[in-house]
Amino acid sequence: MDRKEFFSKVGFGAALLLVPSCIGGLTSSCSSDGNASNGPSNVDFTVDTNTGALVNNGGYMVQNGIIIARTLTGTFLAVSSACTHEGTTVNYSAPGNEFICPNHNAKFSSTGVVTRGPANRNLTQYQVEIISPTRIRVFS
């Protein structure tokens, strides 16, 4: 066996070993229809709005798989952060009061409803409660 043949067989063998792992990783983050899975369930946590991105209107942050945004009018929104197309973390666009996936430009309303594909399922919306002037509660 020459060197070229050896590396060819070793490379093919390694690929055979890795393919099941790669496929398993894909299926664990996607549903059976190929879309990203729904957002977290049994959600209940608090966030300090006195520091970080939520201090200012238009800011947003991601915590526990949820994107929390402060609108330009000062209200708070919370939806699952993973785009339902391929699972990429969405961004909040304050001027449009919408969530946008940076990969394929899918758009979601302030409540997580799909307004432009390729995503075809809504983001999960969560409740937000103001519990003090500097803390909010995000829960399902």
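Select Val 62 first. Across from Val 62 stands Ile 67, in strand 3. Keep in mind that this is a predicted model.

Now widen the selection to the two strands around that pair. Strand 2 and strand 3 (residues 66-70) run antiparallel to each other and are joined by four bridges. Strands of a sheet pair through backbone hydrogen bonds, either parallel or antiparallel.

The three strands make an open sheet, ordered 2-3-4, with antiparallel pairing.

Select Cys 83, Val 90, Tyr 92, Phe 99 and Phe 108. These have the most contacts inside the largest nonpolar core, a group of 14 residues. Strand 3 and strand 4 each contribute at least two residues to this core. A second, separate core has eleven residues, including Phe 45, Val 47, Leu 54 and Phe 76. In soluble globular proteins, nonpolar side chains tend to be buried together.

Zoom in on Tyr 92. What does Tyr 92 touch, leaving out residues up to four places away in sequence? Among its contacts are Tyr 60, Ile 67, Ala 69, Leu 77 and Phe 99. Gly 58, Arg 70 and Asn 97 are also among them.

Finish at Gly 87. Look for Gly 87 in the loop between strand 4 and strand 5 (91-93). Is Gly 87 buried or partly exposed? Gly 87 counts as partly exposed because its relative accessibility is 32%. Then select Cys 101, 14 residues away along the chain: the C-alpha atoms of Gly 87 and Cys 101 are 9.1 Å apart.

Terms used. Residues numbered from 1 in each chain as written. Predicted model: local features only at pLDDT ≥ 70, side-chain atom pairs only at ≥ 80, totals over all residues. Heavy atoms only, no water. Pairing = 2+ DSSP bridges. Core = buried A, V, L, I, M, F, W, Y, C linked by side-chain atoms within 4.5 Å. Buried < 20%, exposed > 50% of the residue type's maximum accessible area, 1.4 Å probe, protein only. Contact = heavy atoms within 4.5 Å.
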